[in-house]
Amino acid sequence: MVKIYSTTHCPYCKMAKDYFTKTNVEFKDFNVEADDEALAEMVKKSGQMGVPVIDIEGTIIVGFDRQAIEHALSGKK
Amino acid sequence: MIYDTIIIGGGPAGVAAGIYAARKKLKSLLITKDFGGQSVNSAAIENFIGYKSISGADFAGVLEGHLRAQEGIEIKDGLLVDSIKKQGDIFEVADNAGGIYQTKTVLYTAGSSHRKLDVPGEKEYEGKGVFYCSICDAPLMKNKPVAVVGGGNSGLEAVIDLLPYASKIYLLARSEVKGDPIYLDKIKKDGKVEIITNANTKEISGDTFVKSISYEDSVSHETKNLEVSGVFVAIGWIPNSGMLKDLVKLNDKGHIIVDPKNQQTSLTGIWAAGDVTDGPYAQIGPAIGDGIVALLNVYDYLNKKG
């Protein structure tokens, strides 16, 4: 399961979620603005606080880096 | 196969050019990392004529949707262009996924990137309290003191993005605050904003995350320290023109010099539009206009060349 940690108005979070929707990748969205537990998890996983953070089965990607996402996804198929 | 034109960039200038290229039935390709350009960082765009208010993210969707509705333009997104080479009469464009394309003309609309402060601690704490996208990362500063560096419009916008979250906001301006009055009025009304002028940022420090920022008062030459959990850097933009520096003329700030009548660069066959050029106003409206002018001039050039 792909996890994305995002904030409400972050454009790159939206781009990433739109990308997952368009390519039929199932994902769970954690809004770290409202969910302190998810925020702590995100900081722990990525070692930083910027959003979005994307967790593809343990591969952590900071930002909407489409090539890194595609690469991580293809490794998991 | 040789394209008539390759458009590089998916911001307002590139998308406008792409739509016109499709309508002129040019054999065209648009390569971009994503859509919307730097306007995606805006919480609300309120000066793009036709929309009273639209978020940067929605605006990016509008641009992409309009471009994808065209037939006949090829789009490669999620990619960066690595190099542009002139080979005789044509240009060779290489992307970062190994794709190589040949084209008669290039329309370069790669925009600009956040300018960095270039002080100790900035790089080390990037994402760990040092942020460049206030609309993205302001919510992480809930009930925390923060500093915004930059007294222009981007600085003021960052302050506005932080108002609902931060407990205290220091706005550090190198000289005076120079942003639009409409933003300044909003900021001055809020008691938690403290404007510090004549402030030269010296260092960002902390442990795992940012703890403080120091600056020198350029009048008294005193160095002062502020305890903050976040530093939002909003000191403007630098043009993404490095790739073309050996091919076309740039001004001293790195902007591509273009002829404003037709958006031609100093090298025949390469056009540029939007914030990467030396046009005086980095705004969505002019970028769209310049993208259209550039494409129409590319079309005339191709027709004359036959």
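Helices (H or I, at least four residues) and strands (E, at least two) are DSSP runs, numbered from the N terminus.

Before going on, a word about the model. This is a predicted model, in which local features need pLDDT of at least 70 and side-chain atom pairs count only at pLDDT 80 or more, while totals for chains, interfaces and linings use all residues. Residues are numbered from 1 along each chain as its sequence is written, and chains are lettered from A and ligands numbered from 1 in the order in which they are written.

Just past the helix, A:Asn24 has a positive phi of about 55°.

That brings us to the interface. Here 17 residues of chain A are in contact with 19 residues of chain B, where contact means that the C-beta atoms, placed from the backbone, lie within 7 Å. On the chain A side, α1 (11-22) and α3 (66-76) each supply at least two of the touching residues. The largest share, 4 residues, comes from α1(A). By type, this side of chain A divides into 8 nonpolar, 6 polar and 3 charged residues; Ala, Val, Leu, Ile, Met, Phe, Trp, Tyr, Cys and Pro count as nonpolar, Asp, Glu, Lys and Arg as charged, and the others, Gly among them, as polar. Elsewhere in chain A, a cis peptide bond joins A:Val51 and A:Pro52, with omega about -5°. A:Pro52 sits in the loop between α2 (36-46) and β3 of chain A.

Now turn to chain B, whose domain assignment gives domain 1 (2-113 + 237-305) and domain 2 (130-233). Such bounds come from an automatic or database domain assignment. Taken over C-alpha atoms, the centres of the two domains are separated by 33 Å.

Helix α1 (residues 12-23) of chain B also has 12 residues, and reaches 17 Å from its first C-alpha to its last, close to the expected 16 Å. This helix is mostly covered, with 10 of its 12 residues buried; B:Val15, B:Ile19 and B:Tyr20 are among them. What covers the buried residues includes β1 (2-8), β2, α2, β3 (73-77), β6 (100-108) and α6 (284-305) of chain B. Just after the helix, B:Lys25 takes a positive phi of about 55°.

Where do the nonpolar residues gather? A nonpolar core is a set of buried Ala, Val, Leu, Ile, Met, Phe, Trp, Tyr and Cys residues joined through C-beta atoms within 7 Å. The largest has 60 residues, and B:Val148, B:Val159, B:Leu162 and B:Val231 have the most contacts inside it. Helix α4 (residues 153-162) of chain B gives the most to this core, with 5 residues. A second, separate core of 48 residues includes B:Ile19, B:Ile256, B:Ile284 and B:Leu295.

B:Glu216 has B:Thr223 as its bridge partner in β14(B). The hairpin has 5 residues between its strands, and B:His221 in the turn has a positive phi of about 60°. B:His221 counts as exposed because it has 8 C-beta neighbours inside 10 Å. B:Asn143 also has a positive phi of about 60° although it is not a glycine, and lies in the loop between α3 and β9 (145-149) of chain B. With 9 C-beta neighbours inside 10 Å, B:Asn143 counts as exposed.

Notes
Two strands pair if DSSP finds at least two bridges between them. Two residues are in contact if their C-beta atoms, placed from the backbone, lie within 7 Å. A residue is buried if 20 or more other C-beta atoms lie within 10 Å of its own, exposed if 12 or fewer, and partly exposed in between; C-beta atoms are placed from the backbone. The expected span of a helix is 1.5 Å times one less than its number of residues.
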